[in-house]
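The following exercises concern a single protein chain. Each begins with a task and continues with a solution in steps.

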Amino acid sequence: MDREDEVWRHDRHGIRSMSKLLMFVLLGLAAYLILRGMGRPKERTKQKRREAEKMVLCAHCGVHLPEGECLRSGEHCYCCEAHRVIGPIERRP
Ligand SMILES: [Zn+2]
């Protein structure tokens, strides 16, 4: 009987320290998520995804567009067929 009681007490202690540990883990996780959410607003994540693709300028109107969407003609990129037909324009800063 005494032994069983000892085992039960040991188990109860084990469960208690485990739930304590779990609480610390959850608290740490919550703090981590809060800090992460504060340091990285949604706006920035969106911008980062945009930067993943190289941006090019339309040689005619100067509009920015992803390299994958531009119309290439020799060394120049254009935003649309019309601008590709017209060709590049000299722009001064
Ligand atoms: Zn254009």
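**Exercise 1. Contacts and burial in the chain**

Task: State what share of the contacts with a separation of 6 or more comes from residues 24 or more positions apart, and what share of the residues counts as buried.

Solution. Step 1: In this predicted model, residues 24 or more positions apart account for 16% of the contacts with a separation of 6 or more. Step 2: The chain has 93 residues, of which 9% count as buried.

**Exercise 2. Elements and confidence**

Task: Give the order of the elements from the N terminus on, and identify where confidence is lowest and where it is highest.

Solution. Step 1: The chain contains 3 helices and 4 strands. Step 2: Their order from the N terminus is α-α-β-β-β-β-α. Step 3: The mean pLDDT of the chain is 81, and 70% of the residues reach 70 or more. Step 4: Confidence is lowest in helix H2 (residues 42-51), with a mean of 58, and highest in helix H3 (residues 81-86), at 96. Step 5: Where pLDDT is low, predicted coordinates should not be read in detail.

**Exercise 3. The nonpolar core and its surroundings**

Task: Which residues make up the largest nonpolar core, and which residues does cysteine 79 touch, not counting residues up to four places away in sequence?

Solution. Step 1: The largest nonpolar core has 6 residues: Cys58, Ala59, Cys70, Cys77, Tyr78 and Cys79. Step 2: Beyond four places in sequence, cysteine 79 touches Cys58, Cys61, Val63, Leu65 and Cys70. Step 4: The C-alpha atoms of leucine 57 and tyrosine 78 are 7.2 Å apart, although 21 residues separate them in sequence. Step 5: Cysteine 58 lies 9.6 Å from arginine 72, C-alpha to C-alpha, and 9.7 Å from glycine 87 by their C-alpha atoms.

Conventions
Residues numbered from 1 in each chain as written. Predicted model: local features only at pLDDT ≥ 70, side-chain atom pairs only at ≥ 80, totals over all residues. pLDDT = per-residue confidence, 0-100. Helix = DSSP H or I, 4+ residues; strand = E, 2+ residues; numbered from the N terminus. Buried ≥ 20, exposed ≤ 12 C-beta atoms within 10 Å, placed from the backbone. Contact = placed C-beta atoms within 7 Å. Core = buried A, V, L, I, M, F, W, Y, C linked by C-beta atoms within 7 Å.
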